[in-house]
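Let's take a friendly walk through this structure, with a few stops along the way. Have the sequence and the 3D view open as you read.

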Amino acid sequence: MTSGTQTGTPAKKGTLRILQLYPRDMNIYGDWGNVLVLKQRLAWHGYDAVILEHNAGDAFEKDVDILIGGGGQDSGQVVIQQDLQANAAHLRALAEDGTPMLAICGLYQLFGNFFKTHDGTIIPGISILDIETHGGSERLIGNVVGRSEEFGDIHGYENHSGQTYLGPGIRPLATVTKGEGNNSKEDHEGARHLNIVASYLHGSLLPKNPAIADFLIRHAVTRKYGSFEPGNVDDSLADLARRHAATRPR
Amino acid sequence: MSGLSSLSVPLGKTVRALSRLRGGGSAFPGLVVERIDPGFMARALRNLPRGVIVVSGTNGKTTTTKMVVELLEGQGLKVFTNRTGSNFTRGVAAALLGEVDWRGRLDADVAVLELDEAHAVHFVKLVPPTHCLLLNVLRDQLDRFGEIDKTTRLLEQIAVKTTGTVVLNREDPRVASIASSVREASVAYFGLNESLRDTFPSDDDLRGATGTAPASSLPADVVLVAVESNTATFRMDGEESTVDLSLRGVYNIFNAAAALAMARTVLAGDANRETMLRSLAAVEPAFGRGESLVVDGQPLELVLVKNPSGFRLGLKSFDAAGYATMIAINDNYADGRDMSWLWDVDFDSLRTSGVDMVSGVRAYDMALRLQYDDVAIQDIDPDTGSALRTFIRSAKGQPKRIFCTYTAMLAIRRDLSRITDVKVVS
Ligand SMILES: [Zn+2]
């Protein structure tokens, strides 16, 4: 399904196609904010954005520059399971070809090898990331601050019961300085692999972490047009929001 | 009655009187009586001729409860309610202590109780209600309950314990689905005309891209047919009636349909439609919910926003044109700590007029949200006190509107009474 949106500015440097995965069944926790930030920052950098949606049962878009998907409730994850498996090979090929992707919360888990629920049921993932997730009895909820060499400090909010463990080939997105992150045993949050950023943080993630948004944009534009010329983006409000978020209790 | 429980009412009442003298909290005497006599509430509420009504859901409990109470009082019933907004079990016990006689008897025809989802589950185990009214399940307080499906389970437990009639919101797929779990009670619905469904998104429709919820074919006892400003048309028994309401905001008006359905169910054949509609027209907003005040001779509206659908409906209900706008967002426990919900609200409707002041603990999160919707901001000040003074000064001679989360609203209300002579007009 396509709901193309034109931004206000004329296309100067090019047009990027953003595919939102499963917005119908996996869209809780402000995931729309991440899409909006990509669309707006592309405009501010001088590019147009077309927002595409893929829901369970849709034919998969061939021409895609950035993939983005978010959290869902357990019921939503069941609905998309079959469709995700049917498109797994295609998604893996896109990932290996360097397509920038942002996978939050529920989709982060399903990008891994499997999710083993609390009662022992195994929900297979699509193994783009060598990670595994085990359902836990406690819910990890609250503000998170992490540190990343690549992106600087990362601010967000977590709310998950799955405990995720990274395989040897996968780097964490950040080292947690406040909050829990991937699991309650280790001090890391999210995952980095190829041009994929995966995280438990919603909040939404991209508005307060513009460095991650621009990472996805830079790689997508470079991949499509050979080079990226950034525009002049005013991130002073994001900086202030980050500074205040850091002072908030867990 | 055991020896100890026969003393619990006098003891509880004494504690209540003492804690009042000390200016203490309202729930403490409830705690005392709960501890020494767990059966107190059930005994006091058991024999009410028209039963016990529990009102729960994410949004609009307080105002809806107030509407049900006033509808029933308008029909001549003596109603007991937990008026003070203490919507947890202990608060009900405390309120009861103030009303029962020294032997624990309550002089009322019916009890109408507003209960928070989690506390309602606890309450219905102690006192199975005869009726319950379940309004909606929205992504509020996700940090408390984890997932909205979990909140649905909580409401389901209330419905399962209900002995008479469960009244459900037909338009909220999660609430409507509770009907299939109801064994003992009968089920009634309130709903919307097809033409209004876009105006009242359920949580699934929140993104607003496509209306995913299918038009419901369930028969509803009360249907909200049309809304024009604060004039509403309801259909009951195949007949349409139009009422001018004192309440403002489309969300209140849909909850008026809920209250009508509940009152009609309780009264069965005894409801007088004309007086009922007259009572409904006279209902004023509950404390802090969509109040209109006068400041410097100009109206100032406080609009409580707690979750994305509430904020969306608030923006939709009140035209921004001609108004100065302030938004105050806190992230204290009572507001919800997770800020992600701001990203599920569209602020496009504020683009033309802009926002005069952004305030609250999370002022910069809110400002950032507005930046991404291309809404111009005149001023940002996280301190609600000084922000309010600046806002009132800079928007002199203009009607004003403040969208605020719960604790921001409490602070602003307190500050308003200091700054200026606050007259509630509602
Ligand atoms: Zn999450």
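Let's begin in chain B: Cys404(B) is buried, its relative accessibility being 0%. Please keep in mind that this is a predicted model. In chain A, Cys105(A) is buried as well, at a relative accessible area of 7%.

How many disulfides does the structure hold over all chains? The count is zero. As a reminder, a disulfide is a covalent bond between the sulfur atoms of two cysteines.

## Chain B as a whole

Chain B is built with 15 helices and 16 strands. Of its 426 residues, 60% are buried. If you take the contacts in chain B between residues at least 6 apart in sequence, 73% of them join residues at least 24 apart.

Now on to helix α4 of chain A, which spans residues 106-110 and includes Gln109(A). Is Gln109(A) buried or exposed? Its relative accessible area is 5%, so Gln109(A) counts as buried, the cut-off being under 20%.

Which residues does Gln109(A) touch, once neighbours within four places in sequence are set aside? They are Gln77(A), Phe115(A), Thr133(A), Gly162(A), Thr164(A) and Tyr200(A). Pro124(A) lies 15 residues from Gln109(A) along the chain, and 9.7 Å separates their C-alpha atoms.

## The buried side of α7(A)

Helix α7 of chain A covers residues 236-246, and its buried residues are Leu237(A), Ala238(A), Ala241(A), Arg242(A) and Ala245(A). These residues sit on the same side of α7(A), because they cover an arc of only 140° around the axis.

## Where α1(A) meets α13(B)

Helix α13(B) also packs with helix α1 of chain A (residues 31-44), at an angle of about 60° and with the axes 10 Å apart. That angle makes α1(A) oblique to α13(B).

On the α1(A) side, the contact is made by Leu36(A), Val37(A), Gln40(A), Arg41(A) and Trp44(A). Facing them in α13(B) are Arg369(B), Gln371(B) and Tyr372(B).

Notes: Residues are numbered from 1 along each chain as its sequence is written. Chains are lettered from A and ligands numbered from 1 in the order in which they are written. This is a predicted model: local features need pLDDT of at least 70, side-chain atom pairs count only at pLDDT 80 or more; totals for chains, interfaces and linings use all residues. Side-chain values use heavy atoms; hydrogens and water are left out. Buried means under 20% relative accessible area, exposed over 50%, partly exposed in between (1.4 Å probe, protein chains only). Helices (H or I, at least four residues) and strands (E, at least two) are DSSP runs, numbered from the N terminus. The arc is that of the directions from the helix axis to the C-beta atoms. Axes are lines fitted to C-alpha atoms, for helices over the stretch in contact, and angles run from 0 to 180 degrees between N-to-C directions. Angles under 35 degrees count as roughly parallel, over 145 as roughly antiparallel, 65 to 115 as roughly perpendicular and the rest as oblique. Contact means heavy atoms within 4.5 Å. A disulfide is a pair of cysteine sulfur atoms within 2.5 Å.
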